[in-house]
Amino acid sequence: MTGDHALPVRVPTPRHYLMCPPRHFAVEYSINPWMDPDQPVDAELAMRQWTTLRDTYRELGHTVDEVPPQPGLPDMVFAANSGTVVDGRVLGSRFRAPERAAEAEHFRRWFVENGFRDVTMPRQINEAEGDFVWTGRVLLAGTGFRTDPGAHAEAQEALGVPAVSLQLVDERYYHLDTALFVLSGDTAGAGPVDAGAGGGAGAEVDAGVAASGARVADSGARVAAPGGRVAGSGAGGGAGVGSRAQIAYYPEAFSAGSRRVLRRLFPDAVIATKADAECFGLNGISDGRHVVLPIEATGLAERLTARGYEVRFVDISELRKAGGGPKCCTLEIRK
């Protein structure tokens with residue numbers, strides 16, 4: 001109980017993840033503010049931390065497949081940047097940094113060899129789930145440092161889902177998945193947000209766009225939107241049929257207009273602090289009940305526990321030296 005109110009009942013949903021062991025992990029170049037080639041990296045420790053993350057997913061009942069790592073591609077461990085999968089459709093990646101460009105083909109090959117027939121490789125620069133976050137009803141699409149704005153419309157066309165553009169403004173949070181993640185996704189039957197003086201979710205998006213300059217990839221799309229364990233809640237179960245997505249995000253990572261859009265779409269979001277963001281707490285993974293976070297994200301964990309989530313901590317200190325956390329290592333396969 002929290003005060004006089006019961007915590008929400010949250011049900012985990014089994015997930016299917018794709019990961020890549022950090023067998024060749026190193027920091028040999030700098031393509032984000034977190035990377036320092038002069039700082040020592042313990043590759044064996046990185047492998048142990050990655051293994052713990054993978055095993056945590058399996059302990060929670062999720063399926064994990066692995067892509068073989070390739071020599072000369074030290075960032076291949078960050079599998080989230082290599083594809084976006086919604087309803088079995090795959091949109092591959094095209095990296096901005098030439099050091100990572102070859103990763104895209106290795107992941108494309110994995111999808112083809114594992115039975116995926118609807119695989120599209122992008123023309124625009126697109127760093128996949130690094131900048132594309134699926135809520136269950138809308139694709140939140142980041143831009144500002146890596147993914148081209150034009151890739152948002154390309155993703156909408158390839159995946160057949162509405163995309164809403166969000167502008168990142170802090171280079172430390174160079175991908176959307178370092179500043180925002182989904183705690184529980186939209187489920188069937190979720191109604192539109194009350195837009196106040198009329199209008200559904202599409203009206204909310206249009207209003208946010210008009211106010212801010214944040215862009216919807218297709219203005220005709222109508223977007224529905226939401227109205228180690230930390231001392232656990234004891235709550236079982238899920239947000240229930242017809243529930244709207246809930247996210248956590250760090251507002252200061254976004255432009256003023258994008259912040260207004262997020263407030264309109266997700267009025268009940270968990271708001272993260274600077275401390276949460278700096279330890280990659282927003283690079284978390286949630287199955288709707290269990291949330292996997294870096295061990296330093298204690299403040300965020302307390303707020304999530306108060307919302308009925310159960311937190312599992314993992315140590316990603318070595319992987320963070322390359323600017324990655326739990327989500328960066330994890331590509332979700334949605335069939």
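Analyst: Let's start with H175, which is found in the loop between β8 (163-167) and β9 (180-184). Keep in mind that this is a predicted model.

User: Why is H175 called buried?

Analyst: The relative accessible area of H175 is 1%. Buried means under 20%, so H175 qualifies. Setting aside neighbours within four places in sequence, H175 is in contact with N81, E127, G130, D131, R146 and L168.

User: What makes H175 and C328 a set?

Analyst: That comes from the record: the "active site" annotation in UniProt, from an unreviewed entry, covers H175 and C328. From this set, both H175 and C328 are taken in by the lining of the largest cavity. Such annotations may be inferred rather than shown by experiment.

User: And C328, why is that one buried?

Analyst: C328 has a relative accessible area of 2%, and the cut-off is under 20%, so C328 counts as buried too. You'll find C328 in the loop between α8 (317-320) and β15 (331-332). Not counting residues up to four places away in sequence, C328 touches V77, F78, A79, A80, D177, N283 and G323.

User: R15 comes out at 17% relative accessible area; why is that residue called buried?

Analyst: Because 17% still falls under the 20% limit for buried. R15 is in the segment before β1 (16-19).

User: What does the R15 side chain reach, and how do you know that the pair counts as a polar contact?

Analyst: The side chain of R15 reaches the backbone oxygen of D287 at 3.4 Å.

User: Is D87 buried or exposed, and how do you know?

Analyst: D87 has 54% relative accessibility. Exposed means over 50%, so D87 is exposed. D87 lies in the loop between β3 (84-86) and β4 (89-91), and its phi is near 55 degrees, a positive value in a residue other than glycine.

User: What about F280: buried or exposed?

Analyst: F280 is at 0% relative accessibility, so it counts as buried against the under 20% limit. F280 isn't a glycine, yet it has a positive phi of about 65 degrees. Its place is in the loop between α6 (274-278) and β12 (285-286).

User: How do you know that β13 (residues 290-294) and β14 (residues 310-314) pair?

Analyst: Five bridges join them, and pairing asks for at least two, so they pair. The two strands run parallel, with V291 standing opposite V311 in β14. Between them the chain passes through helix α7 (residues 298-306), and this β-α-β crossover is right-handed.

User: What makes β14 mostly covered?

Analyst: Four of the five residues in β14 are buried.

User: Why are β9 and β11 (270-271) called edge strands?

Analyst: Three strands form an open sheet in the order β9-β10-β11, with mixed pairing. β9 and β11 each have a single partner strand, so one side of each is left without a neighbour in the sheet.

User: And how do you know that β10 (residues 246-249) pairs with β11?

Analyst: There are two bridges between β10 and β11, in the parallel sense. At least two are required, so the pair qualifies. A248 stands opposite V270 in β11.

Key. Residues are numbered from 1 along each chain as its sequence is written. This is a predicted model: local features need pLDDT of at least 70, side-chain atom pairs count only at pLDDT 80 or more; totals for chains, interfaces and linings use all residues. Side-chain values use heavy atoms; hydrogens and water are left out. Buried means under 20% relative accessible area, exposed over 50%, partly exposed in between (1.4 Å probe, protein chains only). A crossover is right-handed if, with the strands pointing away from the viewer, the path from the first strand over the helix to the second runs clockwise. On a 1 Å grid over the protein atoms alone, a cavity is a set of points where a 1.4 Å probe fits but cannot get out, and a pocket is an open set with protein on both sides within 12 Å along at least five of seven lines; lining residues have an atom within 4 Å of a point. Contact means heavy atoms within 4.5 Å. A polar contact is a pair of N or O atoms within 3.5 Å; within protein, one must be able to donate a hydrogen and the other to accept it, and residues adjacent in sequence count only if both atoms are side-chain atoms.
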